[in-house]
Amino acid sequence: MAQLLEVENLRVGYTEGDREIAVVEDVSFTLAEGESLCIVGESGSGKSVTALAVLGLLPRPLEVIGGSIRLRGRELRGAPEKELRAIRGKDVAMVFQDPMSSLNPVRRVGDQIGRAILAHRPRTPRAQVRAQVEEILVRVGIAEPRERMRSYPHEWSGGMRQRAVIGMAMANDPAVLLADEPTTALDVTVQAQVVQVLADQRAATGAAMVMITHDLGLVAQIADRVAVMYAGRFVETGTVWDVFDDPRHPYTRGLLDSLLTAQNLGARAYAIPGSPPSVHGRPDGCPFAPRCGSPLRTDACAEGRPTLELLTPGHAAACTPLTAMVDA
Ligand code: ADP
Ligand code: MG
């Protein structure tokens with residue numbers, strides 16, 4: 001299948017004095033139409049930065065310092081802002097974690113979704129825009145859309161606002177939808193509904209999705225493939241089956257244990273000891289080695305950064321001892 005989005009050896013960082021600080025390193029993935037990738041990992045691992053880089057919306061001082069981002073074969077890295085603006089919201093759209101950051105508090109919700117349509121199809125007649133906004137609100141499960149579109153964001157619940165933001169992102173049926181922890185701010189029952197909205201949208205439009213989430217239920221429901229991110233790199237990639245049923249990287253195992261027990265035990269959950277290295281203190285060897293409790297761990301782990309290597313077809317991990325076992 002032709003690839004829609006190809007991210008190759010993406011490197012994002014900034015310069016501090018004469019030193020280059022890399023925040024995201026060597027991230028590669030591809031998405032075909034209708035495919036979805038979930039990115040999981042502890043906070044600070046570079047998930048949001050990866051998504052923002054694809055959209056060309058990196059906050060200063062961050063910039064893409066290496067690699068390539070291609071949409072239908074077209075290079076987006078270094079593309080003029082005018083070109084990116086034409087693509088953003090139309091071909092590639094993003095749902096941010098906090099719906100209020102995407103909604104203007106002093107504008108009616110319906111007008112804001114209408115603007116998202118007009119931004120890319122400025123000649124659409126007003127009545128048609130209104131009809132489309134209404135249809136979008138129905139699609140994302142807002143009852144009585146004709147009345148509700150006249151409300152301001154603060155008059156809507158958190159769940160409704162997140163639906164509105166998803167609706168806004170889907171307004172132009174983008175080919176690629178990026179969603180950054182879209183359910184984190186919501187309570188559990190609303191989370192499930194929002195997840196369903198995303199799944200329905202994908203089924204209806206064939207959009208490819210990149211989903212960043214800590215919610216394993218959401219991963220299971222939405223993802224074709226999973227990438228586990230640690231200290232700026234993908235450390236394990238594979239299908240949901242590969243990564244959930246046969247996690248290989250010690251970090252993935254720890255992460256799944258902590259996420260699973262967090263869902264069941266709350267505060268008493270297992271947590272991986274220690275914390276991820278800061279961008280200034282990433283070790284030369286495996287960045288997880290200082291926290292790694294795996295019996296596989298050897299002195300070799302502290303030497304040389306492990307790269308993603310295939311363990312079985314389609315299932316890769318960046319772990320020197322695992323690679324040595326495959327090679328043996
Ligand atoms: P997460 O996986 O939680 O989404 P982020 O992608 O937001 O993590 O951030 C990854 C790292 O990038 C952070 O730990 C931080 O060091 C760095 N970073 C994020 N935003 C900025 C910024 N605006 N300026 C400099 N560094 C940043
Ligand atoms: Mg984030």
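I took a pocket to be, on a 1 Å grid over the protein atoms alone, an open set of points with protein on both sides within 12 Å along at least five of seven lines, and a cavity to be a set of points where a 1.4 Å probe fits but cannot get out; lining residues have an atom within 4 Å of a point. Grid points are joined across faces, edges and corners, and a volume is the space filled by probe spheres set on the points.

This is a predicted model, in which local features need pLDDT of at least 70 and side-chain atom pairs count only at pLDDT 80 or more, while totals for chains, interfaces and linings use all residues. Residues are numbered from 1 along each chain as its sequence is written, chains are lettered from A and ligands numbered from 1 in the order in which they are written, and side-chain values use heavy atoms, with hydrogens and water left out.

**Entry: the largest pocket**

I looked up the largest pocket and noted a volume of about 670 Å³. Its lining has 23 residues, and those closest to the centre are Arg88, Gly89, Ala116, His120 and Met168. I then went through the elements (DSSP runs numbered from the N terminus, with helices being H or I of at least four residues and strands E of at least two). Helix H2 (81-87), strand E6 (92-95), helix H3 (99-102), helix H4 (109-120) and helix H7 (158-170) each give two or more residues to this lining, and H4 has the largest share, with 5 residues. By class, I recorded 12 nonpolar, 7 polar and 4 charged residues in the lining of the largest pocket; here Ala, Val, Leu, Ile, Met, Phe, Trp, Tyr, Cys and Pro count as nonpolar, Asp, Glu, Lys and Arg as charged, and the others, Gly among them, as polar.

**Entry: the second largest pocket**

For the second largest pocket I noted a volume of about 400 Å³ and a lining of 15 residues, with Gly110, Asp111, Arg126, Arg130 and Met149 nearest its centre. H4 and helix H5 (126-139) each supply at least two residues of this lining, and H5 gives the most, with 6 residues. The class count for the second largest pocket is 5 nonpolar, 2 polar and 8 charged residues.

**Entry: ligand 1**

I counted a residue as near the ligand if one of its heavy atoms lies within 4 Å of it. There are 15 residues around ligand 1, and Val23, Gly44, Lys47, Ser48 and Val49 come nearest. Helix H1 (residues 47-55) makes the largest contribution to this shell, with 3 residues, and the shell divides into 7 nonpolar, 5 polar and 3 charged residues.

For polar contacts with the ligand I used pairs of N or O atoms within 3.5 Å. A backbone N or O atom of Gly44 is 2.7 Å from an oxygen atom of ligand 1, a polar side-chain atom of Ser48 is 2.8 Å from an oxygen atom of ligand 1, and a polar backbone atom of Val49 lies 2.8 Å from an oxygen atom of ligand 1. The protein covers 69% of the 560 Å² of accessible area that ligand 1 has on its own, by the Shrake-Rupley method with a 1.4 Å probe.

**Entry: cavities**

I found 3 cavities of 30 Å³ or more in the structure. The largest cavity has a volume of about 80 Å³, and its lining includes His249, Cys286, Phe288, Cys292 and Cys301. The second largest cavity has a volume of about 50 Å³, and among its lining residues are Tyr230, Arg233, His249, Cys286 and Phe288.

Terms used
Polar contact = N/O pair within 3.5 Å; in protein donor to acceptor, adjacent residues only side chain to side chain.
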